[in-house]
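Open the model in your viewer and switch to a cartoon view. Keep the selection tool ready, as each stop begins with something to pick.

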Amino acid sequence: MGTTVTLECQVEGGNPLATLTWQCQGSTIVGRNLTYRTTAASSLMLNMDKTFHKQRCVCTAGHQASPEGLFGTKSVRFNILYPPTGNIVMWPFGTYSFQAGTIVTLNCWVEGGNPLATLTWQCKGSTVVGQNLTYRTKSHSRLELKVDKTYHQQKCLCTARQQASPNGWVGTVSVQFNILYKPIITLDSSTAYINESVDFRRICKAEGNPSPSVAWYRGTTFKKSNGILSIPRIDRTDAASYVCTATAGFTENLQSTERFMLVVQYGPDVNLIITNTTENATNVRLFCIASGVPSQYTYRWKHMLGSTVIRDMFDQVTSLGSVSTLTIPRVTYEDMGTYVCEASNGYRGRDGQIAQTRQDFLYVKGRPQAISVHNTYVTDKGTSLDINITYISFPEALNTSILRGGSTLPPKGELSVTVSSVPVTVLFFNKNVSIDGYIVQLHFSTFETRHQGRYQLYVWNEYTYYYDFEIIISDKPDHPTGLLIDQITESSAVVSWTPGEDNGNIQTFTLTCQENNGEFHTNITLNHSISSFTVENLDLSTEYDVTVFASNAMGTSEPITSTFSTISAEADGWNAAIIGGAASSASATILIACVIVVLIRRRKKSSEPKHTETESDDTNVACTARSNYDNDGLKDNILYESAGPYSPQQPGPSTGNRSGDVYAVVNKSKAKANVAETKLYAEVNKPKKGAQESAMYAEVQKTGKAQKVEIVVHSPAKEVTKSSEYAEVKKKKRGIAAKNDGLKDNVLYESAGPYYPQQPGPSTGNQSGDVFAVVNKSKAKANVAETKLYAEVIKPKKGAQESAMYAEVQKTGKAQKDGAVTDHDGNGDGTDKQRDGRQEDI
């Protein structure tokens, strides 16, 4: 309200331009013409007051070319903000008296204003929410309160706020309460418990509006006219209900009473119920019953034997009212003893003590039990021997004997046995206590070999008890057994064994490890608790002899021995290469390849005479070179490592479960090979990375130190024809440097690669798809027997991924430096018979 408002109205285009007129509050008003070249425009300036509230101003555009000469209208409706026309009103207001518990209704309202005022309530300093009763021209709020003494001298305020009012605030009105309420009585305790002969004093206080007066009554009998109740040297007869009465003013409506019970109390009488039991009895319960005033008790249990406190903490104690129960889940001898129950209700008993106790003895019957014994007694031959065995028995033992297992006791002249009662010290729940026990004394005048053996203590006390023990003559230890050497690497191995009997004396173990030349590598003595040892810093590819024996104070056992060889560096190196690029099923592929090699050799042997071509006089030297650490004929095969002395024979690829076929372990990673198996050749269908699936490569791989190599090839005596069913390659390689990638030193081939074109076979002209390998040798001549059938193996070059597969050919016999075939046995088939008693190489 009081704001100047400018309205603008315009119409674009038309010919002639539109005519604009204004009408506000139902009356025509002339606006300011702002028409220019292409736009008809008009503005209207108005000074707003509350008369414009909810009124409209309409701009009308007339044009002679429009239907009925009217182009259109636009309007604005005003919402005028203005303050209330009246003051804030509240009822009741000022200071008002109410009796506590009265429901008081407060009303607050404000007339007029736009928007209507907002009313809020605040009582006792906190905001409360009233009921909104606002209607068209009046803001109205109602608040209902149930007043109590907390409202005494407190105010409730009603505040009106409205945005068009100065500072948005209309006004505030309040009411102050004068609350009349019943006195509120405060006692030190609602119920008093006190021992006899003690002075008693209690104070009754009251506050109210108006201020109250206080009096004491015993029941309905008046006793005191002030707020202090005092009873010297209280007696049990003083126990009663006492009433404090407070009156505010002269009306019973403002009177309050509070009572308390005076109880003369005393400490409890305690009774303990314990029933004797037997060993292994379950859930045995001990009961402690208290009777006193008050009946709320604190219990404490103790377990004693003599003056020794065995336990004062128990897991299974339940206390409910006047009964406390101690439960023993399973009874043993250790539970026997005196149990003390202490009960207290916080007040003195007739003896003047607060804690009242009762005790009783729990007797446990059970099997006798040996206390000071050993499983084994060790003595020297020809000396006297005294053995003392103590035991306890509840009830007392009726029969005590010494028995000998499997034979009779020595005669009385050699062995005497006496039994007597003695105090013994035993552990009851980790506490040493002395109780009545028994001692059995065995005396051998001279202990001889015939006295050795197992003996038995027999005791009967309604229950039968046996205790076995052995007497032996001290001797040197038995030798260890079960010598095992495993986890063998290039430089270490784990040696383990099973200790033998120490025969009464603590034993030690001595382990030696020496090379086969007699030089000691390890000589160490270990204590009796050790039964394995890791031998380290060994030389690679070396055979070692291991000896283990036991020693004690009486002597040394027989030794046990074994032999092992550390792993070669060459085998370990190839392990890494092969594992990195091979698949798990490559071993199956290799075994198939081995079968095909044997089949070709046997076919050649049966159909062709022996013929050997060589190119050097040092063939036998190159072909018979042998290492001192691998005798299985496989160590120079770059695709295999020896299975070791403990590996079982493996079946060949086409022979089922027939044993003795293969004696090598394929050191390959796990992948899947697609192997086609025939009588004449094996094809491993696995391209190198990126190769087409049809590509096939025949590659033979070999690494190692620089060496002289000769491949001995057996050719048929008659001319080789195109129908020949085998292919032989003769090749000689000298001074090949060792390589680490396992492929670059391939003496015959290198991979053609994934994009190498197909090459024609030796005798098949330009037909495609015959051979997919490239001969990688310039310094030697290869004679190739022409054939239509080839043993082809797919082999990736250096850098092949794990999916690459290798076909590996295994040969037992003497170690070959180049994995070549050498005929040493003179049978003309180009193979050697195995010299280790195994079946013929497949």
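The stops below go through disulfides and strand pairings in this predicted model.

**Stop 1: the disulfides**

Select the cysteines and show their side chains. The structure holds 6 disulfides. With the bonded cysteines numbered in sequence order, the pairing reads 1-4, 2-3, 5-8, 6-7, 9-10, 11-12.

Begin with Cys 9 and Cys 59, which are joined by a disulfide with an S to S distance of 2.0 Å. Cys 9 sits in strand 1 (residues 4-12) and Cys 59 in strand 6 (residues 56-62), so this pair links distant parts of the chain, 50 residues apart. The torsion about the S-S bond is about -85°, so this disulfide is left-handed. Both Cys 9 and Cys 59 are buried.

Next, pick Cys 24 and Cys 57, a disulfide with S to S 1.9 Å. Cys 24 belongs to strand 2 (residues 19-24) and Cys 57 to strand 6, so the bond ties together parts that are 33 residues apart in sequence. Is this disulfide left-handed or right-handed? Its S-S torsion is about 125°, so the disulfide of Cys 24 and Cys 57 is right-handed. Cys 24 and Cys 57 are both buried.

Now go to Cys 288 and Cys 341, whose sulfur atoms are 1.9 Å apart in a disulfide. Cys 288 is in strand 25 (residues 282-293) and Cys 341 in strand 30, so parts 53 residues apart in sequence are tied together. This link is left-handed, with -85° about the S-S bond. Cys 288 is buried at a relative accessible area of 0%, and Cys 341 is buried at 0% as well.

**Stop 2**

**Stop 2: strand 19 and its partners**

Select strand 19 (residues 212-218) and strand 22 (residues 240-248), an antiparallel pair with 7 bridges. Here Val 214 stands opposite Ala 246 of strand 22.

Trp 216 has Lys 224 in strand 20 as its bridge partner. The hairpin of strand 19 and strand 20 has 2 residues between the strands, and Gly 219 there takes a positive phi near 65°.

How values were computed
Residues are numbered from 1 along each chain as its sequence is written. This is a predicted model: local features need pLDDT of at least 70, side-chain atom pairs count only at pLDDT 80 or more; totals for chains, interfaces and linings use all residues. Side-chain values use heavy atoms; hydrogens and water are left out. Two strands pair if DSSP finds at least two bridges between them. Helices (H or I, at least four residues) and strands (E, at least two) are DSSP runs, numbered from the N terminus. A disulfide is a pair of cysteine sulfur atoms within 2.5 Å. Buried means under 20% relative accessible area, exposed over 50%, partly exposed in between (1.4 Å probe, protein chains only).
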